[in-house]
Amino acid sequence: MEEAHQSNKWEGYVDWRNRPAMRGRHGGMLAASFVLAVEILENLAFLANASNLVLYLSKFMHYSLSSSANIVTSFMGTAFLLALLGGFLADAFFTTYRLYLTSAAIEFMGLLTLTVQAHIPSLKPPTCALASTEIPCQKVGGQKAALLFTGLYLVALGVGGIKGSLPPHGAEQFDETTPQGRKQRSSFFNYYVFCLSCGALIAVTFVVWIEDNKGWQWGFGIATATILISIPVFLLGSPIYRTKIPAGSPITTMFEVLAAAIYNNCKSKNPSKAVMGMEASPSDRTETSEGEESNTKAMVPSRTPTEDLKFLNKAIKRKPVKPMLDCTVKQVEEVKEVLKILPIFTCTIMLNCCLAQLSTFSVQQAATMNTKIGSLKVPPASLPIFPVIFMVILAPTYNHVIIPFARKVTKTEIGITHLQRIGTGLVLSIIAMAVAALVEIKRKKVAVESGLLNSADSLPITFLWIALQYLFLGSADLFSLVGMMEFFFTEAPTSMRSLATSLSWASLAMGYYFSSVLISIVNNVTSSFRLTPWLSGSNLNHYHLERFYWLMCLLSSLNFFHYLFWANRYKYRTTSPC
């Protein structure tokens, strides 16, 4: 009877009260569905303001266009980079359950701060007429600027914690020892991006319209209320969640293995004796459950470390000189798994640098064009509706049509590999940058022909041309983000999954930061050869944005060949990485 009770437990998992999680009672698609519902609300709250923030900073806080763009990319980059901190904390100390609740409360505080500032005129710089010379536009400063950035970076901290805990919390609800569990987990990642897109759809339509027509205090207020509502929605799933028990700091393990490998390599005079046999120990074996036997390559037992990254094998010695450098084969193999996914991670940064243009220059381009569709005037910040609608349509289509078809054709459990998905995203981003350059050439040609090159008036060209680059970048985002999240989650060691999944968001962060750095480098280099840099000034018509987009296209192409080099050499942990 006791054995049956033990077999019903999920090993390594607890419920929300820290009691052992039970099979049949905890986990499954129902538990993950609460996570999906929360993601709609969470992303709505975040993107409601992020998508329109450039215009808020330039119109109401009186920053220049390029300064506004850099503030937004730095804010978005910080938010996504902090997902690494969230993932680390979830793996090492907190559970994903507790971390989400804490992070949502922090984001709520940040949004509340921004709402109060937008509502009270004395907390903003004085309004000014752009055409007036008597009242110069005064940029926000002092305590008002401090309040603005306190609110923004509280939001960034909260978003980072949520991004680092919510996707792995949902993915951990499935039994990966069964084909059905792995397929459901794969579907979860697809629907996670679908729900993320649904939240974004509401944000860039309804909330942006509210901000432009009713006032920013209402837009911030809606976001504040939404993140507050997400907390009880998340709590509704508490009785059926299963939560992975934190396994201690994965960073400590990595540094320990690396330090031992370096130390032993330096000390070892006889390389053939550097790696000694290990006593048989269940804990030293690579984790492979019975249900995965048919789908998993025979993992190498503890006595024989794998031949990949041989340098790290030196970390294993029967009698280490220093006890603190005593490493097991399991620890060494886990560090190898992490190091092998890092080159793939670096290759996705350029893609996200392209995606950063969606919330900066593309919005500013659309603002100079005719934004009417019939009698309806569309706010420029609502432009992301095009890739979002496409993602909302494509995600279920991919899950229910493309993947089943691919499984039949390839006769594999996964159908299309994660690396193939990421590669598709990289190709689409190259096409998007080429399209963006061609559209900008057309936009400036219309400006010249209309005699509006030096004017701030709208150009007689529809903003729907900009939708083309949004469409390709949105498709690239769908393929790459789902591919990255599932790839990092499944290929990383169990003890590091939250941190590894956060690499998807860290890639976004690096992309936003690289975009800011690239703009600065381009401006510095071009200003040394000509009087005005490519991307500077208050009039977008004087920018050489098309040259910048061609540069991005070239860099993305070089990055794709870099990606192929690593992707072709990568070996999955399992034959069906699902």
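Here are some questions and answers on how features of this predicted model get their labels.

The model is predicted, with local features needing pLDDT of at least 70 and side-chain atom pairs counting only at pLDDT 80 or more, while totals for chains, interfaces and linings use all residues. Residues are numbered from 1 along each chain as its sequence is written, and side-chain values use heavy atoms, with hydrogens and water left out.

Q: Why is threonine 95 called buried?
A: Buried means under 20% relative accessible area, exposed over 50%, and partly exposed in between (1.4 Å probe, protein chains only). Threonine 95 comes in at 9%, so it counts as buried.

Q: What makes the threonine 95 side chain and the backbone nitrogen of arginine 98 a polar contact?
A: A polar contact is a pair of N or O atoms within 3.5 Å; within protein, one must be able to donate a hydrogen and the other to accept it, and residues adjacent in sequence count only if both atoms are side-chain atoms. Here that backbone nitrogen sits 3.2 Å from a polar atom of the threonine 95 side chain, so the pair falls within the 3.5 Å cut-off.

Q: Why is the pair of phenylalanine 565 and tryptophan 566 called edge-to-face?
A: Rings of Phe, Tyr and Trp (its six-membered ring) pair if their centres lie within 6.5 Å; planes under 30 degrees apart are stacked, over 60 edge-to-face, and the rest tilted. These two have centres 5.1 Å apart and planes at 90°, so edge-to-face it is. Phenylalanine 565, at 39% relative accessibility, counts as partly exposed, and tryptophan 566 gets that label at 33%.

Q: How do you know that aspartate 175 and arginine 23 form a salt bridge?
A: The rule wants a side-chain nitrogen of Lys or Arg within 4 Å of a carboxyl oxygen of Asp or Glu. Their closest N and O atoms are 3.8 Å apart, so the pair passes. Aspartate 175 lies in the loop between helices H6 and H7 and arginine 23 in the loop between strand S2 and helix H2, so the bridge ties together parts 152 residues apart in sequence. Aspartate 175 is buried at 19%, whereas arginine 23 is partly exposed at 39%.

Q: What makes lysine 336 and glutamate 333 a salt bridge, and where do they lie?
A: Their closest N and O atoms are 3.3 Å apart, so they meet the salt-bridge rule too. Both lie in helix H10, three residues apart, about one turn of the helix. Lysine 336 is buried at 1%, and glutamate 333 counts as buried at 9%.

Conventions
Helices (H or I, at least four residues) and strands (E, at least two) are DSSP runs, numbered from the N terminus.
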